[in-house]
Amino acid sequence: MFREFKFRGSSLVPEPNVPVEEIGTRVRYGLTIALVLIAIVIPIGWLQVIGRTAPQGPPLEIARTQTDLEVSPIQFRAAELSDHEDWSPRVTNVKLVDLNQDDKLEILVCDAVRNTIFQYERQSDGAWDETALVPENSIAVPARTEVVDLDGDGDLDILVAVFRSLNPTSEPIGQVVLLENAGDNEFTPRVLIDQIRRVSDVRSGDFDGDGDLDLAVAEYGHEFGRIFWMENLGDLNFVDRELMRAAGTVSVSVGDFDGDGDPDIAAFIAGDQEEVWIFENTGEVPFQPERRKIWGTANFDFGGSEMQAVDLDGDDDLDFLIAAGEDSEFPVPSQQSSHGVYWLENQGDFEFELHSVGSLPGCSSVAVANIDDDGDLDIIAASRFNNWNVEGTASLVWFENDGQQNFQSWKVATSPARLATVACGDITGDGRIEIVAGSLFNHEPIIRPGRVTIWTQEGEEQE
């Protein structure tokens, strides 16, 4: 979702009051020294890069499904949750949560135009009530949320990863913000850390085993970034501790990936090289995880956009799903053959096997649910960078699981376009799954517009 094209340039500007002859001599000496340094440093640098980014296991093999998709046998009906006529929609994240703890799901929306977090709650008549949880323009470009009782007072707070800018920059403008729940749907923003580079994701877990929740943070940056954890010192005071320097981290996940009973941290780096790392919790106090690279590819066109942890095959360990299709660096979508959904299957002992689930050009986000009510997990995928000028191009697809993790692709929708984020769950409470997705437009023209859209299965009660 947030990967960006990197380029560099340089210029030679003469110093004031320095003779031209001296400048020329300096340039010649400078060029000689630079060439010597390049001859020495580049091979060393390439050895370091190869050691860090070479893929583990077999080369990336892509078994693609057809891109001319058949229409889903389960029919869905789309409805917009709010008006989008007055602005160019920029929804960075949607999430289904029971924020009110009333056994009903609400929709949380990160809006990067109105710069706030919205809650959408379904009313008894089927209408949707929109509430800005904090004033508009109080959280600049919120990237993702996690709902958790961070302060331990029994109600649910909202962690917000704050990007601050969709434009490339490594300036220290990012934040992690807590919307502290004061009750009665009132939230107070508290900045947990600021003056860091743009933050794309934040997750919680008790990494040091002291009984309170710490945080795992993806500091995306641009040319510079980090993966770090924030130790909870109590009273919502935190100190950040670096795990790894890496620009372009789009997702972090927290889970017990090795089955030893304590929470580990996983991170998906989507830059010039695509990599998945696990920071294994060894149980040491203080928290000193062992760093493990579980997958990587040097295919720049892979276009990693998002990763989430899920037990896809039901074998009681956590796998990873990856959405690949980020294409921000091209004004016209490039339709790479590697775009689509991938499954990293947990084989145990930090060995993961990559499987291709199916193709979707410009794939940006994934979610899992039992769409067809047959007892296994299906996959829903959204596209932000498909070729919208072609009639019938898919924006939303579901991959039907046959129970053995073989998947059939079905087209759900061709509009709205530029879906950046997707979530799914039983919002209506009738036992069937709804799909919610948000559009992020930052390229003109705006084709097939939409903002936040919900798809309900045909036959369900409609508003």
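Asp430 forms a salt bridge with Arg432, with 3.6 Å between the closest N and O atoms. A salt bridge here is a side-chain nitrogen of Lys or Arg within 4 Å of a carboxyl oxygen of Asp or Glu. The model is predicted: local features need pLDDT of at least 70, side-chain atom pairs count only at pLDDT 80 or more, and totals for chains, interfaces and linings use all residues. Residues are numbered from 1 along each chain as its sequence is written, and side-chain values use heavy atoms, with hydrogens and water left out.

Both partners of this pair are partly exposed. Asp430 has a relative accessible area of 37%, and Arg432 one of 32%. Buried means under 20% relative accessible area, exposed over 50%, and partly exposed in between (1.4 Å probe, protein chains only).

In total, the structure holds 14 salt bridges. Side chains of opposite charge can pair when their charged atoms come close. Asp201 pairs with Arg203 in a salt bridge, the closest N and O atoms being 3.2 Å apart. Asp201 is buried, at 1% relative accessibility. Arg245 forms a salt bridge with Glu242, again with closest N and O atoms 3.2 Å apart. Here Arg245 is exposed, at 65% relative accessibility. Glu242 is partly exposed, at 40%. A network of salt bridges links Arg114, Glu130 and Glu136.

Glu130 also has a place in a sheet: it lies in strand 5, opposite Tyr120. Strands (E, at least two residues) are DSSP runs, numbered from the N terminus. Two strands pair if DSSP finds at least two bridges between them. Strand 4 (residues 116-122) and strand 5 run antiparallel and are joined by five bridges. They belong to an open sheet of four strands in the order 2-3-4-5, with antiparallel pairing. Strand 2 (91-97) and strand 5 (128-132) stand at the edges. Each has a single partner strand, so one side of each is left without a neighbour in the sheet. Neighbouring strands of this sheet are turned by 20 degrees against each other on average, direction ignored. Axes are lines fitted to C-alpha atoms, and angles run from 0 to 180 degrees between N-to-C directions.

A second open sheet has four strands in the order 1-28-27-26, also with antiparallel pairing. Its edges are strand 1 (76-80) and strand 26. Each edge strand has a single partner, so one side of each lacks a neighbour in the sheet. Strand 27 and strand 28 (residues 452-457) run antiparallel, joined by four bridges. Across this pairing, Ile435 stands opposite Trp455 in strand 28.

Glu434 lies in strand 27 (residues 434-439). Glu434 is buried, with a relative accessible area of 0%. A polar atom of the Glu434 side chain lies 2.5 Å from the backbone nitrogen of Ile427. A polar contact is a pair of N or O atoms within 3.5 Å; within protein, one must be able to donate a hydrogen and the other to accept it, and residues adjacent in sequence count only if both atoms are side-chain atoms. Glu434 and Gln457 are 23 residues apart in sequence, but 6.8 Å apart in space, C-alpha to C-alpha.

Thr421 is in strand 26 (residues 419-425). Thr421 is buried, at 2% relative accessibility. Its side chain reaches the backbone nitrogen of Val94 at 3.0 Å. Beyond neighbours within four places in sequence, Thr421 is in contact (heavy atoms within 4.5 Å) with residues including Val91, Thr92, Asn93 and Val94. Ser365, Val436, Ala437 and Gly438 are also among the contacts of Thr421.
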